[in-house]
Amino acid sequence: MLIELKNVSHIYADDFQGTEALKNINLKIRDHEFIGLVGHTGSGKSTLVQLLNGLIKPSSGSVIIDGVNITEEKTGLLGIRRKIGLVFQYPEHQLFEETVFGDVAFGPRNLGLSEEEVEVRVRESLELVGLDYEEFKDRSPFNLSGGQQRKVAIAGVLAMKPEVLILDEPSAGLDPQGRQQLISLLEYLYNKKGMTIILVSHRMEEIAHLANRVIVMSEGEIIFDDNPAKVFSEVERIRELGLDLPEITEILWRLNRKGLKVRTDIFSLAEAVEEISRELRGSEIC
Amino acid sequence: MLRNITIGQYMARDSIIHNLDPRIKIVITIMMITALFFIDTFSGYGLFFLSVLVIIYLSRIPLIRIIRGLKPVLFLVLLTLILHIFFTRGGEVIWQWGFISIEAEGLYTGLFMVTRIILLIMFTSLLTLTTSPLELTNGIEYLLSPLKRVGVPASELAMMMTIALRFIPTLLEEADKIMKAQMARGADFESGNLVKRARNLIPLLVPLFISAFRRADDLALAMESRCYHGGEGRTRLHELKVRAGDFIALALALLLCVAFIYF
Ligand SMILES: Nc1ncnc2c1ncn2[C@@H]1O[C@H](COP(=O)(O)OP(=O)(O)O)[C@@H](O)[C@H]1O
Ligand SMILES: [Mg+2]
């Protein structure tokens, strides 16, 4: 599936002065990409992802999904929303059913699937997020822990079997274990299920670890759009934009500035250790 | 989409009108509105309209803003006009087509009523445009405080209003977000018959109520931990003070009211 944004601008028309949340965005998202979308608060990330499945219409420009311009289309958005799943920020705030089953089933039922198919999907998605089906299906979502609630909410989107999964700051407020589980889930969905994933996050480690393409936004514009190594080599600019670097990049970059000639385009701990010790062995210091 | 509903339409400006004491503004508004209902000539309306224009000018609120405030009552205005024109009888016949006729009395009363409604809305929206919701509640609290003696909980009422005003935009934003989240899961809020539509609102209303209760709990806790225990003996950071300008405004308003009625 190809998602294409052409000269997309979006202005929130509030009262008199509108906020120009997006300015002339051009973007192509291809099958099986893992995109990390970063930018400081208010840079337009949430606006951008909501445009992608037709929740908001651009003020100008067009959003084209599989050759269909969804900004023109009057109906047919349900089809788009089936294909492109969006997990909002704090998705647990959208839970409403009496049982976990009912809540996860909401999406599939809206798609008009048979009850058998709905049950299969609920079971599948609950297991995917790591919740035991038999144990959780009849419980009230409101008696679960925050982390479990979020899993239920994510399962609710997965149950629609989207081809593209967009997650808006899914790890915000999770404990380290919850974050780790989320990362594993995303890896699984990307590698084993072949999904296209767009991850909005402030945690650069997550992005560097998972994404194969990083988009940096600022003030409604795309500043960088490249692979993680390229993007995170723009250390000064990233800092100027008020963003962090992945911790490992940060360390390597500082070592580099102190005169140790290590590469800075490394994002896994093991590789970094190897690179540093290789460099140290090679130099006169040891 | 839901954000477009503005409850507090206050426009911050630095003007004489904005700086008037809210209590005085409320009293003046009540006086002027009452006077408006006693006006029985178009020249009286003319004078009223003129004073509204002067106040708008002094308040530095763009005229277009006031005119836009009239949009929601447009329907009411037209309906009033049409009803009067076609159904109020009396006076000479101005126009006739079959059994439908327009008579002078109808036209006159229609225009008269419409002018009254328009001026009423213009003046009250001037109050809300130039007075922040917080000032308004403060003003109302003061004006109601004599009633405390007979058991009206004026401070509590004012606190409730303040809190409600504070949270309306937050809840609207929240509703917008939840609505979008459910739409992303294929929810449909726009089609179907009335019953179906009402049922479709459940996925919106349940989370909204839960979040409102959660916020209420948090707020109560936060207020209690800062020793709030009712309005008794509470002092304010900004005490309202009546200044010379306020008295002048009040005197002018009184004069105007008398003028409207005898014009
Ligand atoms: N529903 C809305 N109404 C009005 N303005 C909004 C709305 N949502 C976001 N904005 C504004 O648009 C800009 C971009 O916001 P957003 O896309 O939420 O950024 P991010 O997700 O990167 O923090 C901000 O200035 C924000 O205040
Ligand atoms: Mg956001």
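## Domains, chain interface and a pocket between domains

Across the interface of domain 1 and domain 2 of chain A, one salt bridge is found, a salt bridge being a side-chain nitrogen of Lys or Arg within 4 Å of a carboxyl oxygen of Asp or Glu. This is a predicted model in which local features need pLDDT of at least 70 and side-chain atom pairs count only at pLDDT 80 or more, whereas totals for chains, interfaces and linings use all residues. Residues are numbered from 1 along each chain as its sequence is written, chains are lettered from A in the order in which they are written, and side-chain values use heavy atoms, with hydrogens and water left out.

Domain 1 of chain A comprises 31-57 + 72-240 and domain 2 comprises 246-286; the bounds come from an automatic or database domain assignment. Their centres, taken over C-alpha atoms, are separated by 33 Å. In the contact (heavy atoms within 4.5 Å), nine residues of domain 1 of chain A meet seven residues of domain 2 of chain A.

Between chain B and chain A, 23 residues of chain B and 26 residues of chain A take part in the contact. The table gives the buried area of both interfaces, that is, the accessible area (1.4 Å probe) that two parts lose on being put together, summed over both.

| Interface | Buried area | Share from carbon and sulfur atoms |
|---|---|---|
| Domain 1 of chain A and domain 2 of chain A | about 770 Å² | 67% |
| Chain B and chain A | about 2,100 Å² | 58% |

B:Lys180, B:Ala184 and B:Arg185 supply 34% of the area that chain B buries against chain A, more than any other three residues. B:Arg185 also forms a salt bridge with A:Asp103, with the closest N and O atoms 2.9 Å apart.

Over all chains the count of salt bridges is 22. Among them, A:Arg213 pairs with A:Glu33 at 2.8 Å, N to O. A:Arg213 lies in strand β9 (residues 213-218) and A:Glu33 in the loop between β2 (19-29) and β3 (34-38) of chain A, so the pair ties together parts 180 residues apart in sequence. Strands (E, at least two residues) and helices (H or I, at least four) are DSSP runs, numbered from the N terminus.

The lining of the second largest pocket receives residues from both domain 1 (22-131 + 240-262) and domain 2 (147-225) of chain B, so this pocket lies between them. α7(B) gives the most to the lining, with six residues.
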